[in-house]
Amino acid sequence: ANRSLFRDRVQHALTRATREHDKVAVMFLDLDRFKEVNDTHGHLVGSKVLVEMAGVLKGCVRDLDIAARFGGDEYVLLLINTDARGAMRVGERVRRSIAEHRFLAEEGLGLSVTACIGVATYPEHAQSKAEILERADRAMYRGKESTRNAVYLSTLEAPSVARTG
């Protein structure tokens, strides 16, 4: 799936969750130091790793969940009927699956990749599509700024607001 389809599915899932008093989780995932893969092995290899990554992610979620490339080396996952505790379990499974996977092993490369994952849930952390995406993204950046190869849950602090001028 791509970013556009993902955004539509998030809105649909939030509308359904509101109507049915359900929960939804969004996970933002960014590959750690992916530029090094491109710089060392070339962009063609990097592109193949991104395609293989999609397969790894699909193998970590249920059929009713959505995994999509958001852009560059960022992916997003939409977990239906999933609370924060369940999402953190899935996030850890995703993190571990990526870290243990050897990318392009069939081509003799066996590359190691890790990722930072941020998790936010509706209605616990967010009340709208924009807010849940922002909170999951901010949680992911907490990992980027510290340990990398980690899963972080959104905090309940007020979201940042972009200002211009």
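The following legends describe close-up views of a predicted model.

Residues are numbered from 1 along each chain as its sequence is written, and side-chain values rest on heavy atoms, with hydrogens and water left out.

**View 1. The open sheet of 5 strands, in the order β2-β3-β1-β4-β5.** The pairing in this sheet is mixed; two strands pair if DSSP finds at least two bridges between them. Strands (E, at least two residues) and helices (H or I, at least four) are DSSP runs, numbered from the N terminus. The edges are formed by β2 (66–71) and β5 (151–153), each of which pairs on one side only. Direction ignored, neighbouring strands are turned by 20° against each other on average. Strand β4 (residues 115–122) pairs with β5 in the parallel sense over 3 bridges, and valine 119 stands opposite leucine 153 in β5.

**View 2. Helix α4 (residues 84–100) across the sheet.** This helix lies across β1 (24–31), β3 (74–80), β4 and β5, and runs at about 165° to β4. Angles run from 0 to 180 degrees between N-to-C directions, and axes are lines fitted to C-alpha atoms, for helices over the stretch in contact. Contact means heavy atoms within 4.5 Å.

**View 3. Packing of helix α3 (residues 43–58) on α4.** The two axes are 10 Å apart, and the helices pack at an angle of about 140°. That angle makes α3 oblique to α4; angles under 35 degrees count as roughly parallel, over 145 as roughly antiparallel, 65 to 115 as roughly perpendicular and the rest as oblique. The crossing of α3 and α4 is right-handed, the term for a near helix turned clockwise from the far one by less than a right angle, with left-handed for anticlockwise. Met53, Val56 and Leu57 of α3 meet Val94, Ser97 and Ile98 of α4 in the contact. These residues divide into 5 nonpolar, 1 polar and no charged. Ala, Val, Leu, Ile, Met, Phe, Trp, Tyr, Cys and Pro count as nonpolar, Asp, Glu, Lys and Arg as charged, and the others, Gly among them, as polar.

**View 4. Crossing of helix α1 (residues 3–20) and helix α5 (residues 129–144).** The axes come within 10 Å and cross at roughly 115°, which makes α1 roughly perpendicular to α5. α1 passes α5 in a right-handed crossing. On α1 the contact is made by Phe6, Arg7, Val10, Gln11 and Leu14, and on α5 by Lys129, Ile132 and Leu133. The residues of this contact comprise 5 nonpolar, 1 polar and 2 charged.

**View 5. The salt bridge of aspartate 30 with lysine 144.** The closest N and O atoms of the pair are 2.7 Å apart. The structure holds 12 salt bridges, each a side-chain nitrogen of Lys or Arg within 4 Å of a carboxyl oxygen of Asp or Glu.

View 6. Most residues other than glycine have a negative phi, and most peptide bonds are trans. Arginine 33, in the loop between β1 and α2 (34–41), has a positive phi near 50°. Arginine 148, in the loop between α5 and β5, has a positive phi near 60°.

Definitions and conventions:
This is a predicted model: local features need pLDDT of at least 70, side-chain atom pairs count only at pLDDT 80 or more; totals for chains, interfaces and linings use all residues.
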